[in-house]
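Morning, everyone. Please bring up the model, and I will take you through it.

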Amino acid sequence: MTDAKIIDGNLFSARLRDTLAGHVRAMKDAHGVTPGLAVVLVGEDPASQVYVRTKHKRTVEAGMNSFEHALPADTPEDRVLALIAGLNADPAVHGILVQLPLPRHIDSQKVIEAIDPAKDVDGFHPINVGRLAAGLDAMVPCTPLGSLMLLKDRLGRLAGLDAVVVGRSNIVGKPMAQLLIKESCTVTVAHSQTRDLAAVVRRADIVVAAVGKPEMIRGDWLKPGCTVIDVGINRVTAADGSKKLVGDVAFAEALPVAGAITPVPGGVGPMTIACLLRNTLVACARQHGLPVPEV
Ligand code: NDP
């Protein structure tokens, strides 16, 4: 039997993808427009290849066009920038995602800034970062957006709740904090220099862990009844020598204390791709001046 405390990201994301597929069909039928997502992969990093394959599969399942651009690891930076310029100009492409990390000889920030902000479905362009910080409509990074959806689904209104985000990266921690501020939470952002992290976490009604350290956040750090969103994905070796994935939160310890918690895997992970599709649909609607679906 599934524990009611466990937030099922697989189920939520499958429903979201179904809803998105419905909007895609409606957009095609009513306006003859099909959302298109271009994914740029440079090099042969095995984890990135897996992500890109999954993104392609999910994009096609949702009825969208998927354009894959796989380039060799030694592709010069100006060649990548030229590809981005071509995708910016291509009317069939509504969203552009550059799979990170890029090989060292390529300046990632320069590549991110070359993407048309209207097609920046990862939400990493400084225009979108600034718009989010200013509380304006923006392309929001997919992992924090998916995390927020799970929180709102579980808790409803978040206003007034104490939220602690552990981690301050540009792709998870900072945008997550911005989203929670927008929801009128009282937000603390903790990081590697935070003093007495356990005491900081213990204040939180909402804990978002985005650290990249296996099971660092212990059960006795949590306020009873709090909601835990575990963004961490860490590959560890189990006692029997097998490999397994764990989050940044010690799940077995946290489960009896928390009011609700996302598992790893099967929590935030599947939300990221679903939100990428959501952002592509929204970007497409905006680029064609169509009503933006409420998803
Ligand atoms: P980064 O390495 O970019 O950032 C990690 C953050 O954790 C930093 O802000 C760092 O602080 C902080 N940190 C490190 N050690 C400690 C510590 N001991 N105490 C408190 N804070 C600490 O990671 P990401 O944000 O990119 O990713 C975080 C995790 O989320 C990873 O496991 C990653 O795999 C996962 N992830 C999952 C995704 C998904 O789809 N579910 C998507 C993206 C990431 P400081 O800034 O001071 O160095």
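**Salt bridges, the ligand and the domains**

Start with Arg-17, which is buried at a relative accessible area of 16%. Buried means under 20% relative accessible area, exposed means over 50%, and partly exposed is in between, with a 1.4 Å probe and protein chains only.

A word on the source. This is a predicted model, where local features need pLDDT of at least 70, side-chain atom pairs count only at pLDDT 80 or more, and totals for chains, interfaces and linings use all residues. Residues are numbered from 1 along each chain as its sequence is written, and side-chain values use heavy atoms, with hydrogens and water left out.

Back to Arg-17. Which residue does the side chain of Arg-17 meet in a salt bridge? It is Glu-61, at 3.8 Å from N to O. This pair links distant parts of the chain: Arg-17 sits in helix α1 (residues 9–31), Glu-61 in helix α2 (residues 46–61), 44 residues apart. Helices are DSSP runs of H or I with at least four residues, strands are runs of E with at least two, and both are numbered from the N terminus. Glu-61 counts as partly exposed, at 44% relative accessibility.

By salt bridge I mean a side-chain nitrogen of Lys or Arg within 4 Å of a carboxyl oxygen of Asp or Glu. Side chains of opposite charge can pair when their charged atoms come close. The structure holds 7 salt bridges. Some of them join up: Arg-17, Lys-57, Arg-58 and Glu-61 form a linked network.

Is Ser-48 buried or exposed? Buried, at 3% relative accessibility. Its side chain makes a polar contact of 2.8 Å with the side chain of Asp-45. A polar contact is a pair of N or O atoms within 3.5 Å; within protein, one must be able to donate a hydrogen and the other to accept it, and residues adjacent in sequence count only if both atoms are side-chain atoms.

Next pair. Arg-218 forms a salt bridge with Glu-253, with the closest N and O atoms 2.5 Å apart. Arg-218 lies in the loop between β6 and β7 and Glu-253 in helix α9 (residues 251–254), so the pair ties together parts 35 residues apart in sequence. Arg-218 is partly exposed at 30%, and Glu-253 is partly exposed at 35%.

One more pair. The side chains of Lys-223 and Asp-205 meet in a salt bridge at 2.8 Å, N to O. Lys-223 is in the loop between β6 (206–209) and β7 (227–230), while Asp-205 is in the loop between α8 (197–202) and β6. They are 18 residues apart.

Now the ligand. How many residues surround the ligand? There are 22, and the closest are Arg-168, Ser-169, Ser-192, Ile-233 and Thr-272. The cut-off here is a heavy atom within 4 Å. By class, the shell has 10 nonpolar, 10 polar and 2 charged residues.

A backbone N or O atom of His-191 is 3.4 Å from a ligand nitrogen. An N or O atom in the Lys-213 side chain is 3.2 Å from a ligand nitrogen. A backbone N or O atom of Ile-233 is 3.0 Å from a ligand oxygen.

Last, the domains. The chain is divided into domain 1 (30–116) and domain 2 (142–270), with bounds from an automatic or database domain assignment. Their centres, taken over C-alpha atoms, are 29 Å apart.

How values were computed. Ala, Val, Leu, Ile, Met, Phe, Trp, Tyr, Cys and Pro count as nonpolar, Asp, Glu, Lys and Arg as charged, and the others, Gly among them, as polar.
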